[in-house]
Amino acid sequence: DFEIWLDANKHLINDDAVGLFEDSLRCYKNDIDRPAYLLAYQGMMVHIREVIKAGNMPKDFPLEDWKRMQKGLNDINSWDNTCFDAIVRQEKKKDDVVVPAVLCISCDLRKEFEHWRSLRNVCAHYKEYCFVKAHTLTLYAFIIQHLLTITVEGGMMTLLGEFEVFFDPNKTPPNKSWQPLMDKIPVMVRPDQIHTFLQGIRRMIVYRTEKLLLFLHELYQKSKTDVKELVAAYIKGDDDLTEAYISEYPHSVADLLTKDEVYGFAKQQVPYMRNSISVMAALVQTGMMEKENYLELFSNLIDTSYKHNNHIGDLMPEDMVILSNAGFFSIIIQRYLNTDYMTDYSNYNKANYSMPFWTSVFWNMPIDKDFVKAVCEVFGASRKPLALENFIADEYLKDEHIHEKFFEIAEKEGCEIPSSFQEEKDK
């Protein structure tokens with residue numbers, strides 16, 4: 001909606017342009033279609049004129065051409081033509097020197113401006129032409145999408161400078177969106193500059209990892225295929241960054257890993273990653289992990305996490321289903337959550353001192369008959385890990401949904417409820 005966009009971005013738009021846009025909206029709402037279009041077009045051109053006037057002369061741009069253009073932009077009679085010529089001017093080669101364009105926009109966008117100008121002329125001079133609201137709405141949509149991304153040619157270094165101001169907490173409020181700057185990346189950064197550009201961004205926020213990961217994620221999601229591949233290559237070029245990114249966005253494994261890389265990654269890196277269980281679920285979901293390796297890789301993750309007392313992360317419900325169907329949780333029961341293991345002194349003592357691991361296991365385990373039977377058997381024995389027992393009674397079973405489902409299954413399967421849980425059962 002153009003009105004909402006205008007209200008949200010007035011501080012970024014030239015005041016005269018804002019006035020023209022507001023007048024255009026008034027005409028539009030009152031079904032005065034031709035003035036609505038003409039005022040919107042004029043507002044767009046006024047804003048771009050001010051962008052050019054405020055911009056620094058691009059490197060290798062002829063000084064005399066720059067002075068002549070600035071003079072024309074200040075002339076009340078010629079500024080519109082001068083501004084349009086600056087918009088459509090493309091990069092060209094002169095005496096083996098590349099002379100840059102005035103504005104940093106794509107060739108396709110330059111052609112669209114030709115369309116809007118042609119329609120402006122038709123609107124102003126050909127009364128028999130049927131001009132309707134759709135013409136203005138289409139221009140509004142174009143302005144919303146592109147106007148704030150248009151800058152004087154400066155390319156990557158100019159954009160990095162703008163991001164540096166954005167990431168400076170002394171210059172930019174924390175709630176300001178970086179979206180207008182993100183929208184400039186496809187226009188101002190060539191594909192062969194992506195790596196250097198990302199290095200520059202990383203240096204600005206080197207101590208704010210979550211912000212860097214979010215930046216990379218949004219850039220990847222919004223980019224075309226060729227740039228996606230370059231962003232993925234940048235992430236994969238640093239092992240620490242790869243692990244941090246996949247830990248934050250587990251399902252990115254399908255974009256960052258090849259089938260040949262999955263086994264080694266799952267065995268050597270996933271067990272030590274934050275949110276390891278979600279990453280393993282994502283690897284299973286991709287179909288790139290061979291089923292014949294499930295037992296080995298699942299056991300390795302479980303054993304390593306237990307050995308180091310690691311919290312294994314938090315699963316989404318759909319990921320719980322994926323791992324349950326693949327047999328992940330059955331391995332935990334077979335290896336650790338059983339009386340043969342837990343009644344041994346050294347083992348139940350180990351469990352007592354491994355609560356981060358066990359609490360994360362319980363919160364992620366599907367509540368089915370195998371799990372309920374195992375819990376009842378382990379904690380019905382005389383030897384059992386008391387710290388884990390207390391957690392189950394005092395925290396885990398306090399969750400109403402878990403409490404209801406656990407005891408429903410226990411009753412259905414004829415499980416003997418451990419005495420320590422009886423109070424919970426009697427609720």
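Q: How many nonpolar, polar and charged residues does the lining of the second largest pocket have?
A: That lining has 17 nonpolar, 15 polar and seven charged residues. Nonpolar means Ala, Val, Leu, Ile, Met, Phe, Trp, Tyr, Cys or Pro; charged means Asp, Glu, Lys or Arg; the others, Gly among them, are polar. A pocket is an open set of points on a 1 Å grid over the protein atoms alone, where a 1.4 Å probe fits, with protein on both sides within 12 Å along at least five of seven lines; lining residues have an atom within 4 Å of a point. The model is predicted: local features need pLDDT of at least 70, side-chain atom pairs pLDDT 80 or more, while totals for chains, interfaces and linings use all residues. Residues are numbered from 1 along each chain, and side-chain values use heavy atoms, without hydrogens or water.

Q: What does the lining of the largest pocket have, by class?
A: There, 20 residues are nonpolar, ten polar and 13 charged.

Q: Which residues are closest to the centre of the second largest pocket?
A: Leu-12, Leu-148, Glu-162, Leu-181 and Lys-184, out of 39 lining residues.

Q: Which residues lie nearest the centre of the largest pocket?
A: Of its 43 lining residues, these are Cys-104, Pro-186, Val-187, Met-188 and Val-189.

Q: Is His-135 buried or exposed?
A: Buried means under 20% relative accessible area, exposed over 50% (1.4 Å probe, protein chains only). His-135 counts as buried because its relative accessible area is 16%.

Q: Which residues does His-135 touch?
A: Leaving out residues up to four places away in sequence, His-135 touches Tyr-37, Leu-119, Tyr-129 and Cys-130 (heavy atoms within 4.5 Å).
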